[in-house]
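Q: Hi! I've got a protein open on my screen and I'd like to go through it with someone. Can we chat about it?

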Amino acid sequence: MNASSLDTASAAPRPGTPDATRAIPRVLSIAGTDPTGGAGVQADLKSIAAFGGYGMAAVTALVAQNTLGVREVHVPPTSFLHAQLRAVSDDVDIDAVKIGMLGSAEVVATVDAWLAEVRPAIVVLDPVMVATSGDRLLDADAEEAVRALCRRADLVTPNLPELAVLVGEPVATSWDDAVAQAQALAARADTAVLLKGGHLDGEQSPDAVVEGADVHPVPGRRVATRHTHGTGCSLSSAMATLAAHGLSWPDALTRAKDWLTGALEHADALRVGRGNGPIDHLHELRPHIELRPPASNAPRIAATSWSTEQWDAAAPVRGDVDACAFVRGLASGDLDRDAFGWYLGQDLLYLREYARVLARAAALAPTVDEQRFWAEASVSCLVEEAALHRTHVDPAGLEPAASTLDYTDHLHASSTVGSYAVLVAAILPCFVLYTDIGARWRGTFAADHPYADWLTAYGDETFAASSARAATIVDGAARSASASERSVMAAAYGRSMALELAFFEAPLRRR
């Protein structure tokens with residue numbers, strides 16, 4: 001198979017290397033606590049982590065509560081809240097702030113003054129004003145203070161009873177009435193409003209981002225579960241984190257709503273409490289958590305169970321790769337230049353098809369993170385192909401050899417069966433085999449080696465990290481697959497390994 005640079009004076013990026021420079025959002029939650037972990041700052045921190053952010057928290061109130069209800073609330077002096085906020089902002093550049101329970105006009109004023117001074121780039125306000133029972137949680141002065149605070153926010157995320165309080169109207173009982181109230185709040189506070197339809201009746205549970213007169217609806221189905229504790233906190237902090245990643249409010253809502261639906265669907269499995277339990281914030285991550293330690297003889301790129309087992313099973317093929325005359329000649333520098341050029345031409349043809357297969361993996365991927373990984377890998381292939389076009393291979397009249405067609409046909413066949421797990425299993429050897437070779441070659445050749453830059457490209461640490469991520473994704477897919485599907489995955493992986501060997505052998509066998 002695989003990708004190298006045609007120009008040995010400058011190695012091109014490896015396929016499958018995501019952008020490792022994307023910043024990690026630093027998100028501050030300002031809210032009360034929940035010792036059972038379902039709401040408040042505890043829920044916020046889980047939501048922030050679920051979307052790859054770094055969570056921080058300043059506590060407004062210490063709440064003794066569980067899934068059955070609130071027992072007691074202790075509000076520290078606002079001077080201590082101010083000290084917490086200053087301690088964070090004096091030391092950390094904050095990318096987004098999510099505000100939850102405030103409780104009193106004095107607390108609101110403390111937060112408002114800090115926001116005016118620090119001016120965080122993104123502020124999301126979840127106006128906690130009405131209990132699930134329908135009871136008002138704030139006195140009139142505090143409610144008015146929260147209305148004013150809405151003007152500091154880039155996004156306000158009330159539920160329908162809270163939206164009614166903010167606009168001074170009865171609780172909306174229809175979607176159209178709710179939209180009208182959200183538009184009124186957006187206009188008064190000059191902010192965007194996340195309209196949540198969960199309190200309306202019906203099998204559907206739509207939400208929308210309202211920006212002035214513009215309404216961006218996101219449909220959704222209602223999940224049959226009583227475990228909805230902390231959904232408002234969690235959705236708001238998810239929106240703050242996604243916005244800090246650079247998503248627009250409508251795109252952030254689309255992603256967050258899909259995640260929240262899954263968190264509700266997996267809530268029953270948590271078995272936390274006897275009342276209105278929490279959602280599963282980490283349901284997307286849980287399939288990728290490997291609890292067993294890696295095998296002691298596992299290669300450094302394969303640190304999880306399924307990929308380690310397949311790597312070990314492929315040991316005979318990997319031994320044949322190491323013994324292959326092409327690989328030995330490449331390592332020693334004695335490889336015939338014409339053979340290497342022929343190999344690179346086939347590599348160019350392979351990359352075109354491999355990019356399409358990676359794009360198919362992105363389309364089938366179950367999470368946005370995995371979609372992004374495979375999509376960036378596909379783009380990286382095309383970037384490398386462009387680099388090859390600009391160097392020594394003339395693509396005009398280039399025809400794929402039998403070894404190239406065998407490999408690309410196998411990958412396309414894996415992509416058409418409709419199984420994400422089988423497809424990514426077929427893709428994985430392209431990553432891990434070259435990472436292993438590159439790691440073992442690193443530092444073993446001189447700077448004037450005729451293929452030095454090409455060998456360096458396969459020992460690149462960024463590509464090694466990309467390979468480790470690919471292995472982790474495949475392991476997660478294997479854990480979610482049935483026994484029969486894992487058997488097909490193993491066959492696809494083994495076939496790709498064998499075709500890697502054939503690809504290496506082809507340049508010298510063609511004569």
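Predicted model: local features only at pLDDT ≥ 70, side-chain atom pairs only at ≥ 80, totals over all residues.

Q: Where does Gln181 lie?
A: Gln181 sits in helix H6, which covers residues 175–189. Helices here are DSSP runs of H or I with at least four residues, strands are E runs of at least two, and both are numbered from the N terminus. Residues are numbered from 1 along each chain as its sequence is written, and side-chain values use heavy atoms, with hydrogens and water left out.

Q: Is Gln181 buried or exposed?
A: Gln181 has a relative accessible area of 5%, so it is buried. Buried means under 20% relative accessible area, exposed means over 50%, and partly exposed is in between (1.4 Å probe, protein chains only).

Q: And which residues is Gln181 in contact with?
A: Leaving aside neighbours within four places in sequence, Gln181 is in contact with Leu163, Ala164, Val167, Glu169, Pro170 and Ala172. Contact means heavy atoms within 4.5 Å.

Q: New topic: what about Glu485, which helix is it found in?
A: Glu485 is in helix H18. With a relative accessible area of 25%, Glu485 is partly exposed.

Q: What does Glu485 contact?
A: Setting aside neighbours within four places in sequence, Glu485 touches Ser419, Ala421 and Val422. Ser419 is 66 residues from Glu485 along the chain, yet their C-alpha atoms are separated by 8.4 Å.

Q: OK, zooming out. How many helices and strands does the chain have?
A: The protein chain has 18 helices and 10 strands. Of its 511 residues, 53% are buried. Among contacts between residues at least 6 apart in sequence, 73% join residues at least 24 apart.

Q: Which residues have the most contacts inside the largest nonpolar core?
A: They are Phe326, Trp374, Ile427, Phe431, Met489 and Phe504, in a core of 59 residues. A nonpolar core is a set of buried Ala, Val, Leu, Ile, Met, Phe, Trp, Tyr and Cys residues joined through side-chain atoms within 4.5 Å.

Q: Which helix gives the most to that core?
A: That's H15, with 16 residues. There is also a second, separate core of 44 residues, and Ala58, Leu149, Val165 and Ala178 are among its members.

Q: How do H12 and H15 cross?
A: Their axes come within 10 Å and cross at roughly 140 degrees, which makes H12 oblique to H15. Axes are lines fitted to C-alpha atoms, for helices over the stretch in contact, and angles run from 0 to 180 degrees between N-to-C directions. Under 35 degrees counts as roughly parallel, over 145 as roughly antiparallel, 65 to 115 as roughly perpendicular, and the rest as oblique.

Q: What kinds of residues make up the contact of H12 with H15?
A: That contact has 14 nonpolar residues, no polar ones and one charged. Here Ala, Val, Leu, Ile, Met, Phe, Trp, Tyr, Cys and Pro count as nonpolar, Asp, Glu, Lys and Arg as charged, and the others, Gly among them, as polar.

Q: Last one: how do the axes of H1 and H7 compare, what angle do they cross at?
A: The axes of H1 (residues 40–50) and H7 (residues 231–244) come within 8 Å and cross at roughly 40 degrees. H1 and H7 are therefore oblique to each other. Their contact has four nonpolar, five polar and one charged residues.
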